[in-house]
Amino acid sequence: MAVTIAPNQAIEVEMTEFLVIDREGNSHEVEGAEGASFMEAIRDAGIDEMLALCGGCLSCATCHVYVEEAAIGRLPAMSAEEDDLLDGSDHRTLLSRLACQIFLSAELSGLRIALAPED
Ligand code: FES
């Protein structure tokens with residue numbers, strides 16, 4: 001079935017805000033549409049330390065971030081592929097995730113994440 005949208009019909013997009021700490025320790029308030037990856041929202045905010053070289057194809061690990069400890073249990077489980085990629089980092093910790101594999105949602109609003117050092 002085709003969906004028709006009138007030219008002046010507003011489309012509601014829920015936004016999620018979160019905080020990013022860059023490698024110099026500066027904080028950035030970032031906002032992105034629910035369903036987008038944290039990597040996309042960080043990159044779209046102009047934080048160029050987020051290299052994301054593979055564009056989210058789960059092959060580079062240049063989107064490595066640390067998630068605040070209190071929130072780590074609220075994130076979806078890590079896939080074996082994400083786990084394998086993070087194993088290649090010298091900077092992996094228990095708080096490590098790949099930002100292209102976690103997605104904005106109301107439940108994660110206010111999340112604090114820090115960019116991991118470059119490998
Ligand atoms: S952007 Fe390459 S693994 Fe996330």
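I count two residues as in contact when their C-beta atoms, placed from the backbone, lie within 7 Å. With that I looked up the sequence range of the contacts in this predicted model. Taking contacts with a separation of 6 or more in the protein, I found that residues 24 or more positions apart account for 65%.

Entry: overall make-up. I listed the secondary structure and got two helices and five strands. Reading along the sequence, I noted the pattern β-β-α-β-α-β-β. I then took the extent of the C-alpha trace along its principal axes, which is about 50 × 30 × 25 Å. For burial, I found that 26% of the 119 residues count as buried.

Entry: strands 1 and 2. I checked how strand 1 and strand 2 run, and they are antiparallel, joined by seven bridges. For one bridge I looked up Thr16, whose partner in strand 2 is Gly32.

Entry: Arg23. I placed Arg23 in the loop between strand 1 (15–21) and strand 2 (27–33). Is Arg23 buried or exposed? I found 12 C-beta neighbours inside 10 Å, so Arg23 counts as exposed, the cut-off for exposed being 12 or fewer. Next I looked up what Arg23 touches, leaving out residues up to four places away in sequence, and found Glu49, Leu115 and Pro117. For Pro117 I also took the C-alpha to C-alpha distance to Arg23, which is 6.7 Å. In sequence, Arg23 and Pro117 are 94 residues apart.

Entry: nonpolar core. I looked up the largest nonpolar core and found 23 residues in it. Which of them touch the most other members? I noted Phe38, Met39, Ile42, Cys63, Val65, Ala99 and Ile113. I then asked which elements give two or more residues to this core, and wrote down strand 1, helix 1 (38–44), strand 3 (64–67) and strand 5 (112–115). Helix 1 gives the most, with four residues.

Entry: Cys63. From the core list I picked Cys63, one of the residues that touch the most other members. Setting aside neighbours within four places in sequence, I found Cys63 in contact with Met39, Met50, Ala52, Leu98, Ala99 and Cys100. Among these partners, Met39 and Ala99 also stand in the list of core residues that touch the most other members.

Conventions. Residues numbered from 1 in each chain as written. Predicted model: local features only at pLDDT ≥ 70, side-chain atom pairs only at ≥ 80, totals over all residues. Buried ≥ 20, exposed ≤ 12 C-beta atoms within 10 Å, placed from the backbone. Core = buried A, V, L, I, M, F, W, Y, C linked by C-beta atoms within 7 Å. Pairing = 2+ DSSP bridges.
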